[in-house]
Amino acid sequence: MPPAKTLAAGLRRRKYLASLVLLVSLFLLILFLISRPRSIPALSNPALWPQRTCDYAGGRWVPDASTDSHLRYDHTCKEIFKGWNCIANGKRNGRSLLHWRWKPAGCELLPRLDPHQFLERHMNTNIGFVGDSLNRNMFASLVCMLRGVTGEVRKWRPAGADRGFTFLRYNLTLSYHRTNLLVRYAFIKVICKWSASPDGGPLESLGYKQGYRVDVDIPDQTWADATSFHDILIFNTGHWWWAPSKFDPIQSPMVFFEKGMPIIPPLLPPEGLDLALKHMITFVNKAMRPNGMKFFRTQSPRHFEGGDWNEGGSCQRDQPLSSEEVKEIFSVDNNGTNTEVRLVNQHLMKALEQSTFRVLNITHMSEFRADAHPSTTGGKKHDDCMHWCLPGPTDTWNDLLAANLAATDS
Ligand SMILES: *[C@@H]1O[C@H](CO)[C@@H](O)[C@H](O)[C@H]1NC(C)=O
Ligand SMILES: *[C@@H]1O[C@H](CO)[C@@H](O)[C@H](O)[C@H]1NC(C)=O
Ligand SMILES: *[C@@H]1O[C@H](CO)[C@@H](O)[C@H](O)[C@H]1NC(C)=O
């Protein structure tokens, strides 16, 4: 064979080998990418943060065998709403429900918020909780933890807040802004108030007589100013969108308005929620300072067994649920009393996917804690299987918040 030909054949062979190597590497890369554990999300998506190193959202509760005091604060903290004070109210497991720690899958125990460190780290900072009574529960937990370090506080109501405290030595302000739907709503009884036109307009012709006007693009005034006041905001909404006892579909339906006009054809509440979330996320992005930090807390689960709250449902458990029980009670397919939580989360995830909000995913850890509601000691005619005992699981929500904030600083 002439040398030129051998050379050409050699080159061809080498080219062939190179392509083969390239193909095999590509194949291996794809294999690696699809088999990668899900707990390592794309770093570029801040909504998935802080799961960089550890996915705190999934895991299990393990017994806390430590001999340290399990009480992070006691029943004398004045910020505990009466019905949530399980120890003072004599709930059977009011103390033993504290003997559990959250163990995220594949990581160490979720560290406990160190109140002293928290105060030091967040000097000259304003932190606002915006949402329904479940966010107040979380706010009260944080106030009680921090008050254990310093009782020097000024009680006041900054920026439309329902309640608030400044920890004077640290100039750290915490406040709770009460809002059920995030957006403004009001009961409308008189027909001609629905719309400007004297004959009543399209809603009347559709048969609406009274109900709640919900303006999906107007923030509740209890928190509209909180966006410019606070450095850190923690939002929630959910329970009130699934509350037929308040927003009865027939007697007092939610009627959605946008730009001051009724939305025709009328929307159902889940569709109204999507629209309200979209508008409120846009509003907060515009109104908050660029380095402000926004969290959205996922939905808190309820644990009514044997009926809903108004059907004699109760939650008389002394221990967290097993994974099997959680699966059964909350599976959307089973359509049980408490599935609301996962339905709400589906809407939240859709709205937050493209946003710069950080998701505080407390749902799954809380789904186990059927043992930690005030139950019959809530001081109501019915069992309270919705709010949480204080001290209790919402302390762990704040551990999660603190872990998130600490990861940002470093
Ligand atoms: C929250 O975390 C749980 C457990 O990892 C997960 O199944 C769920 O999809 C998450 N929910 C949201 C709204 O991110
Ligand atoms: C206290 O903190 C707020 C919020 O960061 C800040 O605006 C204010 O100047 C601080 N006050 C003092 C005396 O440092
Ligand atoms: C779920 O259950 C409720 C009553 O508890 C019922 O009204 C509703 O139609 C059910 N939904 C589905 C999808 O089966």
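Reader: Which residues surround ligand 2?

Author: Before answering, note that this is a predicted model, in which local features need pLDDT of at least 70, side-chain atom pairs count only at pLDDT 80 or more, and totals for chains, interfaces and linings use all residues. Residues are numbered from 1 along each chain as its sequence is written, while chains are lettered from A and ligands numbered from 1 in the order in which they are written. A residue is near a molecule if its C-beta atom, placed from the backbone, lies within 6 Å of it, and here ligand 2 is surrounded by Asn124, Thr125, Asn126 and Asn171.

Reader: What residues are found around ligand 1?

Author: The shell around ligand 1 consists of Ala57, Gly58, Thr298, Asn345, Leu348, Met349, Val359, Asn361, Thr363 and His364. Helices (H or I, at least four residues) and strands (E, at least two) are DSSP runs numbered from the N terminus, and α8 gives the most to this shell, with three residues.

Reader: How do I read a helix such as α6, and which of its residues are buried?

Author: An α-helix has 3.6 residues a turn, so residues three or four places apart point the same way. A residue is buried if 20 or more other C-beta atoms lie within 10 Å of its own, exposed if 12 or fewer, and partly exposed in between, with C-beta atoms placed from the backbone. In α6 the buried residues are Pro269, Gly272, Leu273, Ala276, Leu277, Met280, Ile281 and Val284. They cover an arc of only 165 degrees around the axis (taken from the directions from the helix axis to the C-beta atoms), which puts them on the same side of α6. Thr282 and Lys286, on the other side of α6, are exposed.

Reader: How much of the whole chain is buried?

Author: Buried residues make up 39% of the 410 residues in the chain, which has 10 helices and 13 strands.
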